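Subject: Structure for you to look at

Hello,

Here is the structure I promised to pass on. Please open it and keep it beside you while you read my notes.

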Amino acid sequence: MSTLAQFVGLFNALDATNATNAKRRILAEYMREAAPLDAVWAIYFLTGRRMRRAVSGRLLREWAAEWVELPGWLVEESYHAVGDLAETLAILCARGALQSPALHQPLGDFVQGEVAALGSEGPALQRTRIMRWWAQFDERTCFVVHKLITGGFRVGVSASLVSKALADVLACEPGAIQHRLMGNWLPSEEFAARLFSASDATAIRSRPYPFFLASPLEGGTEALGDASEWLAEWKWDGIRAQVIVRGGELFIWSRGEELLTDRFPELVVALGGLPDGTVIDGEIVPWEDERVLPFSVLQTRVTRKQLTARILRSAPVVLLAFDLLERGGRDVRTEPLWQRRVWLAELLGHRDGALRSSPEVTSGSWEAWATRRTEARERGVEGLMLKRRDSPYRAGRPRGDWWKWKIDPYTVDAVLVYAQAGHGRRAALYTDYTFAVWDGATLVPIAKAYSGLDDSEIATLDKWIRAHTTERFGPVRGVTPHHVFELGFEGIQRSTRHKSGVAVRFPRILRWRSDKGIRDAGTLGELEALIAATARRQPRRTPHEQVQALSLFGDEPARPDDA
């Protein structure tokens, strides 16, 4: 059995170290000692899954103000100062002690009997229950419980690391554990028994395989050896997906383990003829006139609760298949890539509808591939994928067999104008930045970014921000325009949602341009010229379709890459 107190101890131990091997040992020790159901609940939260949020942050802050008898504005200011709601509430509200009997109930009982109960209760009963926790639990326990109910449970542990730790306990391959943990599941005695079994004979019919992820090729291709040992494909900018046909049913899973079958009805039709026992890996991309469209077009499909005929027409898609993982019900991931590609070609034939093969980019040398790579932006793709022809299909991101050889990003020099505190470990530092370019004599914000600086640069910039704040907007600080940064981004379009009239995709900091003054920063005119240049490379769309696409094209920070 694992108690709530032991789970809090696990969280504290994981939070206290940055060493991957130490975290793996800590996780393995916990799983050996915990009851299977309690261990499954721990795995559920550690792998990023979350229960439906039953209580809003606003209500929690209101109840906290009442509990500690402080004005609401002071609780709000405390939240902005700390930067993390769970930590703020724990500091303010915890009144319990480590020896509280409530700490010694099994983790599964607490989650199912206490946390899950919030979802069926009204605000009055929720308030009573949460205040009872504040009275019973110490600060660290309150912090962990707040994380569970707000859905923000992060402790620097990846799903891959959890799988490796459990594999250590069960003396099996981590890939087998990753496979068991894929897809939609909820902790239960049945699932715990299947997860901790020596074999997985009762595999869930819809379950996808762990995705094989490529590593970025940051240097040249010299270290990769003979080009004849490699296969190259275009790196598509879409949604990585696995198509599963088993037991007469069809499932489409994203890399983020979202079931997307109902989002793409035309793919369901196109995939209907696939034989039972088939699993295909590929990329769903927006597609029109035999050409890929910007990713923003695809967003109109995945962010709408209801798909109308107009949305389907304005955002057509295809699945570009590039690997075969299961054939005739047999797992073929250990077969070499070239063989899996042969079988995939036999399966798909010369289809040119909503399901088609991702073409190989043929070449005789690295130099020829480097030349083809320069066509990427014109084609609306992100570069090339390089895959060793004899590679098996692995799980996670092991280096050596699959590489993403991306084109250089668009860049602009921009001025730091606003800053906001980060989250988690960075809650006490200003790490989220807003950047602007010149529009005549005025600096106009064009992007937000929070990645690209090292710890030393963040600490230096944080100290400067605190000393040069000119105004405050809640948690956001306006700062004196002084520092210039080179930003990289993957795409740019016009946007009516932003005052600048432009939106950039996946902005991140490339370097701190301490050699430049603010008058050396880029201009809005330069970005508008870039928009015009990129627009000439895209297919023409109707005004309605352009609005549909642009309305969801935001200045989003860089995300983990899909491939």
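**Helix H6 and its surroundings**

At the start of H6, the backbone nitrogen of Ala86 has a side-chain oxygen of Asp84 within 3.1 Å. Bear in mind that this is a predicted model.

Helix H6 covers residues 85-93. Of its 9 residues, 7 are buried, so H6 is largely enclosed by the rest of the structure. The buried ones are Leu85, Ala86, Thr88, Leu89, Ala90, Leu92 and Cys93. What do they pack against? Their partners are helix H4 (57-68), helix H5 (72-82), helix H8 (123-136) and H9.

Take H9, residues 139-150. Its axis and that of H6 are 8 Å apart, at an angle of about 145 degrees. The crossing is right-handed. H6 brings Ala86, Glu87, Leu89, Ala90 and Ile91 to the contact. H9 brings Glu139, Cys142, Phe143, His146 and Lys147. By class, that makes 6 nonpolar, 1 polar and 3 charged residues.

**H3 against H7**

Now look at H3 and helix H7 (residues 107-115). They pack at about 65 degrees, and their axes are 7 Å apart. On the H3 side you will find Leu37, Asp38, Trp41, Ala42 and Phe45. They meet Leu107, Gly108, Val111 and Gln112 of H7. This contact has 6 nonpolar, 2 polar and 1 charged residues.

H7 also holds Glu114. Is Glu114 buried or exposed? Its relative accessible area is 17%, under the 20% cut-off, so Glu114 counts as buried. Its side chain makes a polar contact of 3.2 Å with the side chain of Arg132. Setting aside neighbours within four places in sequence, Glu114 touches Gln105, Asp109, Arg129, Arg132 and Trp133.

**The nonpolar cores**

In soluble globular proteins, nonpolar side chains tend to be buried together. Here, the largest nonpolar core has 68 residues. Which residues have the most contacts inside it? They are Phe7, Leu27, Ile130, Trp133, Phe137 and Phe153. Helix H3 (residues 36-46) gives this core its largest share, 9 residues.

Pick out Phe153 on your screen. Not counting residues up to four places away in sequence, Phe153 touches Phe7, Phe11, Phe45, Leu46, Val144, Lys147 and Leu148.

There is also a second, separate core of 29 residues. Val412, Ala414, Ala419 and Trp512 are among them.

Best wishes

Definitions and conventions
Residues numbered from 1 in each chain as written. Predicted model: local features only at pLDDT ≥ 70, side-chain atom pairs only at ≥ 80, totals over all residues. Heavy atoms only, no water. Axes fitted to C-alpha atoms, helices over the stretch in contact; angles between N-to-C directions. Helix = DSSP H or I, 4+ residues; strand = E, 2+ residues; numbered from the N terminus. Left-handed = near helix turned anticlockwise from the far one by under 90°. Contact = heavy atoms within 4.5 Å. Nonpolar A, V, L, I, M, F, W, Y, C, P; charged D, E, K, R; others polar. Core = buried A, V, L, I, M, F, W, Y, C linked by side-chain atoms within 4.5 Å. Buried < 20%, exposed > 50% of the residue type's maximum accessible area, 1.4 Å probe, protein only. Polar contact = N/O pair within 3.5 Å; in protein donor to acceptor, adjacent residues only side chain to side chain.
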